[in-house]
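Student: I would like a close look at one helix pair, and then at what surrounds that pair. Here is the model I have open.

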Amino acid sequence: MDIEKIYEAAEIEGAISDPDVAHLIINKDEVVGLQGLPGLSVETEQIENGIDISINLEEGAVIEDPVHLCFGVTDEEAVQNIEMDINIEKNAEIGILAHCVFPQARDVEHIMNADIRIGPGAEYTYLEKHIHSEEGGIKVIPKADILLEKGARFRTDFELLEGRVGMIDIDYETTAKEDSVLEMMAKIDGQGDDEINISEKGNLVGKNSRGVLTTRVALRDEASAEVYNKLIADAPDARGHVDCKEIVQGNGKAKAIPIVDVRNSEAHVTHEAAIGSVDTKQLQTLMARGLSEDESADLIIDGLLS
Amino acid sequence: MSILKIEDLTLEIEGSKILNNLNLEINESKIYAMVGPNGAGKSSLAFTIMGLDGYRDIEGDIIFKGDSIKDLSVTERAEKGITLAWQEPARFEGLTVRQFITSSTESGTDPEELLNKVGMDSTEYLDRPMDSGLSGGERKKIELASILAMDPDLVLLDEPDSGIDVASLEKIFDVIKTLGDNGTTVILITHSSSALEHADNAFLMCDGDIVDHGPVSAVGKYFEEECFNCEAFSDQDKADEKKEVKKETK
């Protein structure tokens, strides 16, 4: 399979041919495309089975269009290590669309370790979309430590809705200083014997810091999921919410562990977790409009994961 | 011409008789009101006609357009032309109003037009999720729009007027009248005297059975004069009645 197939699957052909759009394209352990922009530096170095990436956005720089990162593996069997060091300087703004495309994977391991620092008043959005093969022969192990300085904003959406999950083990931890805002969302559609582990932690250590951890998982067949969301509020006026919903069908197995740890009397954190089959009233409402039970369940799950 | 005939219908849930040897026949293209105190079995009758979970293990028969439907699934009953609107419509996280309205219809349905028919601004609502961000009254009107899209032969409306602001009530009744004018038979479950006025005929239910039926004026009068003083009429019913009277005199 050639790299064009990855571009096509990720729908980024237009974006990477635009000189005003920054991008970095990696196939396994090789950089096949790189374009920076003024104020944005992207440096790469080949490491064993992967790439070490350093991204720096200068103080006050604002990147208008989303930056495309594409991590692909066209082989059926491979290990891909991605080491990322991201620094967003004071009052800078950037949005990244990360496409992780493994369309032929039979035995592929994708490991990512990221250290991210978002400077005072800076904004960083990271939307990560995975496209996997239908075989399920993939392990995805992303780990990220994120630090938000005063007034910084960070939002990440992780989405794995196309192809089989295989095994995924997400481990993200964010520390939020004064007046900063973190939003972490993960949406995963599991089937077959997929195994999903999600650990999202938020440490609200600064006065008036805010955090929301959201997880949406659908499980069909024999798929299983364990979701661990922890929000610690350790400062006055820190506010947070943990929200986990998992829909289970067939022989799917789901576990949700929301932990709310409030260590300051002026902080406030709420949580909600719901695991279960598709809601009967929703299901029967759609069936009463003529949809079959399966069509109704699919529509409800599509909505939950949208 | 008869569209729905219910014969000796009995429904038991956890040892309690909810519907008790009930018989009923209604004609097509009419609007029927179903009144009665709380717990009389009005909603249970609607759920049983629709075949919802927990309301399928019945004695007797339900004949729709000449065929027994008691062994059919909810989907199969809907395909035959029956549908239901809940008193408290479901919330759907992530599903937009547009998706909800068009989910059950052939392509070509204009959701904007349908929303406008129920008195809602389509530009404001079409792309909003059908979740708790909408009030119960808004979801109820959207559910009615989805029923218009389906163009059913028989629609069961469970208290379509409850939780609706006074300004929207007339619009709701206009839609119900439109359904009737277009040939849909409507069974309107209600506590409200104002809703009764929009029906052609009425049934009075008590204790799982139909105890009276006929012209709206006669059944409505009987309901107000006799049921209110009956022991079976609970404090909750009286509170509901007072609420309705207050609403109607505003």
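What is the handedness of the crossing of helix 6 of chain B and helix 7 of chain B?

Tutor: The crossing of helix 6 of chain B and helix 7 of chain B is left-handed. Keep in mind that this is a predicted model. Start with the geometry. Helix 6 of chain B covers residues 136-150, and helix 7 of chain B covers residues 166-181. Their axes come within 11 Å and cross at roughly 15°. Angles under 35 degrees count as roughly parallel. Helix 6 of chain B and helix 7 of chain B are therefore roughly parallel to each other.

Now the side chains. Helix 6 of chain B brings B:Lys141, B:Leu144, B:Ile147 and B:Leu148 to the contact. Helix 7 of chain B answers with B:Ser168, B:Ile172, B:Val175 and B:Leu179. By class, the contact of these two helices has six nonpolar residues, one polar and one charged.

Helix 3 of chain A spans residues 280-287, and its axis comes within 9 Å of the axis of helix 4 of chain A. These two axes cross at roughly 120°. That angle makes helix 3 of chain A oblique to helix 4 of chain A. The crossing of helix 3 of chain A and helix 4 of chain A is right-handed. Helix 3 of chain A contributes A:Gln282, A:Leu283, A:Leu286 and A:Met287 to the contact. From helix 4 of chain A come A:Glu293, A:Ser296, A:Ala297, A:Leu299 and A:Ile300. Six residues of this contact are nonpolar, two are polar and one is charged.

Helix 4, residues 293-305, lies across strand 11, strand 13, strand 15 and strand 17 of chain A. Against strand 15 of chain A (210-219), helix 4 runs at about 155°. The sheet itself is open and has ten strands, in the order 2-1-5-7-9-11-13-15-17-19 of chain A. Its pairing is mixed. Strand 2 (30-35) and strand 19 (268-276) of chain A are the edges, each pairing on one side only. From one strand to the next, the twist averages 5°. At one end of that order, strand 1 of chain A (residues 23-27) runs antiparallel to strand 2 of chain A, and five bridges join them. There A:Leu24 stands opposite A:Leu34 of strand 2 of chain A.

Back to chain B, which has its own open sheet. Four strands follow the order 2-1-4-5 in chain B, with antiparallel pairing. The edge strands are strand 2 (16-27) and strand 5 (67-68) of chain B. Strand 1 (residues 2-13) and strand 4 (residues 58-64) of chain B are joined by six bridges. B:Leu11 stands opposite B:Ile58 in strand 4 of chain B. Helix 1 of chain B, residues 42-50, lies across strand 1, strand 2 and strand 4 of chain B. Helix 1 runs at about 110° to strand 1 of chain B.

Last, the two chains together. Chain B puts 26 residues into the contact, and chain A puts in 20 residues. The area buried between them is about 1,800 Å², and carbon and sulfur atoms give 58% of that area. B:Thr75, B:Trp86 and B:Glu93 supply 30% of the area that chain B buries against chain A, more than any other three residues.

Methods. Residues are numbered from 1 along each chain as its sequence is written. Chains are lettered from A and ligands numbered from 1 in the order in which they are written. This is a predicted model: local features need pLDDT of at least 70, side-chain atom pairs count only at pLDDT 80 or more; totals for chains, interfaces and linings use all residues. Side-chain values use heavy atoms; hydrogens and water are left out. Two strands pair if DSSP finds at least two bridges between them. Axes are lines fitted to C-alpha atoms, for helices over the stretch in contact, and angles run from 0 to 180 degrees between N-to-C directions. Contact means heavy atoms within 4.5 Å. Angles under 35 degrees count as roughly parallel, over 145 as roughly antiparallel, 65 to 115 as roughly perpendicular and the rest as oblique. A crossing is left-handed if the near helix is turned anticlockwise from the far one by less than a right angle, and right-handed if clockwise. Ala, Val, Leu, Ile, Met, Phe, Trp, Tyr, Cys and Pro count as nonpolar, Asp, Glu, Lys and Arg as charged, and the others, Gly among them, as polar. Buried area is the accessible area (1.4 Å probe) that two parts lose on being put together, summed over both.
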